[in-house]
Amino acid sequence: SIMATEVDLSWRSFNNGDIFLLDLGKVIVQWNSPSSGKMKRLKALRMAQSIRDNERGGRTQVGIVDGEQEETSPELMTVMTSVLGDRTEPLRDVPPDQEPDLQQKSNIRLYHVSDATGSLVVQEVATRPLTQDLLKSEDCYFLDQGGTKLFVWKGKESKKEEKDAAFRRAMGFIHAKGYPDHTNVEVLNDGAESAIFTQLFQQWKVKGTTHGFGKIHSVGQIAKVEKKKFDVTLLYAEPELAAHQRMVDDGSGKLEIWRIEDLELEPVDPKTYGHFYGGDCYLVLYTYMKGHKPAYIIYFWQGLHATQDEIAASAYQAVNLDNKYNDEPVQVRVVMGKEPRHFLVIFKGNLVVYQGGTGRQGGQVAEPPVRLFQVRGTDEMNTKATEVPTRASSLNSNDVFVLKTEQTTYLWCGKGCSGDEREMAKSVSNNLSKREKQTILEGKEPAEFWLSLGGKAPYANDKRFQEEECAVEPRLFECSNQTGRFIMSEVNDFTQEDLDEEDIMLLDTWTEIFLWVGISANDYEKKETQKSTSEYLQCHPAGRDMDTPIITVKQGFEPATFTGWFHAWDPHKWNTVNGRSYDELRNNLKDVASISPISADFDDKERRTRSSPGPPSPTYVTHSAGFPEAHSPPRQSPEPGYGAFTAPIGSVAANGRDRYPKDVLINKTVDELPENVDPTRKEEYLTEEDFLDLFGMTLDEFSNKPGWQKKALKKQAGLF
């Protein structure tokens, strides 16, 4: 995760390892240090765009300066110079990290939010156990559930300005803490708290409830659902269960849905409820009875392919809808692919998520002739259908898939699926196609089935999926030394998007442990991960088998036994470098030619005295971990065999390899290279003079570059 820490508005704050955001209100300039990695640059850019879209309504321009090529961005350097002055000293090295508090992410903390002094102050009030009397009606509060969820509580008597700005401040809090962009945020109003929120407090009392003899306050009827491990009747009887399951009721309330069209709300035809398109944003108003009065939840669902204007409008319209209901609704932001359990429940097993497209009238493109949907779930409480790439490699023996063609609709049942899963898939398939369904079992597919998928291909069909049912949920951990210390952090509700190409991820499926190695992970992380995996097994409270298989998986070469644990896995994701890559996001930025004149609007004195609560803000440094005041060292990605050139031309180098003229190595195939040359390490056989001539730097300087940059340089030099 990335965290932004405010620093002095001076060139002296800059260094060779971090990324800096110069926030001038109308302009945000991202300055990338020469040693920063591509993933770090991507996350910093997403943060800058989030400020632009969520706080400035898309009216702020974002520009990027690469520290190693400042001369290629003259307009942006003009802006930076006008604000910071001329740089007279060389960039300093990155200071060492402070020790991070690893308990920070595991505790529930209550924060008081106030602007009584004229500037926003967020002050910690208490940790668990929390009591209801800590919440004062004249104030607003944040309740941080270990970084996995953030509650925003607005007191009835708090200022209108504080209420209106609550969600924006919550997003700023998430960024300041370094939490993921998809962190779940709920906005609650005094007297209209959700069951999930109240269960985090000791002895929460609802107004109107009586105790002792007489009429007892009722929390409403919740239907008993059979054949479910989770019984919704226990929601109020067992508070911790309600909070853990993130459920307020059984989903039997009233439902209204709007789609964002031209930044306004357009009602959705009730006949299409449950169909969500990745190119749209929706508002879902859910009304249920809490005691004797109605309660409300506003879900604003944001598609991964929706425009930034639509995403910003969904949050804005959620506030407007909230106002119409006297500030009583709970607001929940839902990012496509991260739908909470209650969101699934309210659609009774009929939720369908399309990868792209739109549901608006006149905006649809022609439907593809063949579509494939992965269906997961055993009942109405947990079932969802997700569109996946129409390829045989998308199949999984553990699930049921619906293949919709122009002639037939197939219901493909994997060998590992249960009868309940097949029944739920049949129900979902009726929403996808009105044609007669042809049920086929794995291994008995007709030729037409494979033809529709473009031919047979390997997919997740390991025996474990067919014969064993794992009673333990898989867990994913990020293994990284980006903070200067090696730490393992658990990723909740993980998806393929959570795999960080600069780190190593540990996937624990109980019977096996996978180590997924990102393409830019460094050698230190690889070494420490192997050691920490053994410690992880040894210290596990369940007494794990120390001989549990440990499987190393490389990015882009994941076997079906690994991808089968991820919902809607995209086998071609890595072909575009992390989906929407840093380069793609950068290329989508507006032309920076119009930025230079803006610098004249800033008074020098004001620039140096502005504080963080309101735009424009001062300079922020972005770090690779969510710990305050922690500076991250440069990402070191040394490759085996790199060292200084110490041997003269024509002799054997210290690493035991001969030196050759560059003409012998550049743009040569394996067959054309000298017999003892490793084709993956051609640069190691260059003479010192040729290396300087080709790369413009020494080998030591080259070794300190991030992996992605070394590859690009090698390609440019004809040595890849």
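This is a predicted model: local features need pLDDT of at least 70, side-chain atom pairs count only at pLDDT 80 or more; totals for chains, interfaces and linings use all residues.
User: What makes β19 and β20 a pair of strands?

Analyst: Two strands pair if there are at least two bridges between them. Strand β19 (residues 371–376) and strand β20 (residues 384–388) are joined by 5 bridges, so they count as paired, and they run antiparallel. You can look at F373, which stands opposite E387 in β20. Q374 has T386 of β20 as its bridge partner.

User: How do you know that β18 pairs with β20, and in which sense?

Analyst: The cut-off is again at least two bridges. β18 and β20 have 3 bridges, so they pair, in the parallel sense. V353 has T386 in β20 as its bridge partner.

User: Why is β20 described as largely enclosed?

Analyst: Buried means under 20% relative accessible area. In β20, 5 of the 5 residues are buried, so the strand is largely enclosed by the rest of the structure. Both faces are covered: K384, T386 and V388 are buried on one side, and A385 and E387 are buried on the other.

User: Why is C281 called buried, and what about C413?

Analyst: C281 has 0% relative accessibility, so it counts as buried. C413 has a relative accessible area of 2%, and because the limit is under 20%, C413 is buried too.

User: How do you know that C413 is in no disulfide?

Analyst: A disulfide is a covalent bond between the sulfur atoms of two cysteines. To count as one here, the two sulfur atoms must lie within 2.5 Å. For C413, the nearest cysteine sulfur is that of C417, at 4.9 Å, so C413 is in no disulfide.

User: How many disulfides does a search of the whole structure find?

Analyst: The search finds 0 disulfides.

Notes:
Residues are numbered from 1 along each chain as its sequence is written. Side-chain values use heavy atoms; hydrogens and water are left out. Helices (H or I, at least four residues) and strands (E, at least two) are DSSP runs, numbered from the N terminus. Buried means under 20% relative accessible area, exposed over 50%, partly exposed in between (1.4 Å probe, protein chains only).
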